[in-house]
Amino acid sequence: MRRETAFKVMSAAALACIAAWTAMIAGWIPAFAAMAVFIVAFPVFVIFLALWWMYSQGKEDIPFIGY
């Protein structure tokens, strides 16, 4: 995986969380649906943020990040 791919997945997860929060505040979706999106998207965001961050150091071997 390249650094750009990790950034795209991280950005998509962040946008999903923002969109779910906005839709919940606007009343378009119920709170449990927004929480379901958060439960799925937030761990994806954290994992790919760590991967993107590690790729910026230029090391070949990425250490275990705890997922």
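Buried means under 20% relative accessible area, exposed means over 50%, and partly exposed lies in between (1.4 Å probe, protein chains only). The model is predicted, so local features need pLDDT of at least 70 and side-chain atom pairs count only at pLDDT 80 or more, while totals for chains, interfaces and linings use all residues. Residues are numbered from 1 along each chain as its sequence is written, and side-chain values use heavy atoms, with hydrogens and water left out.

**View A. Packing of helices α1 and α2.** Helix α1 covers residues 3-26 and helix α2 residues 31-55; helices are DSSP runs (H or I, at least four residues), numbered from the N terminus. They pack at an angle of about 155 degrees with axes 8 Å apart, and α1 and α2 are therefore roughly antiparallel (angles over 145 degrees). Axes are lines fitted to C-alpha atoms over the stretch in contact, with angles from 0 to 180 degrees between N-to-C directions. By class, the contact of α1 with α2 has 25 nonpolar, no polar and 1 charged residues; Ala, Val, Leu, Ile, Met, Phe, Trp, Tyr, Cys and Pro count as nonpolar, Asp, Glu, Lys and Arg as charged, and the others, Gly among them, as polar.

View B. Methionine 10 is found in α1 and is buried, at a relative accessible area of 8%. The C-alpha atoms of methionine 10 and phenylalanine 48 are 5.3 Å apart, although 38 residues separate them along the chain. Phe48 is one of the buried residues of α2, with Ala34, Ala41, Leu51 and Met54.

**View C. Threonine 22 of helix α1.** Threonine 22 lies in α1 and counts as partly exposed at 37% relative accessibility. From threonine 22 to alanine 34 the C-alpha distance is 9.1 Å, at 12 residues apart in sequence.

Conventions. Helix = DSSP H or I, 4+ residues; strand = E, 2+ residues; numbered from the N terminus. Parallel < 35°, antiparallel > 145°, perpendicular 65-115°, else oblique.
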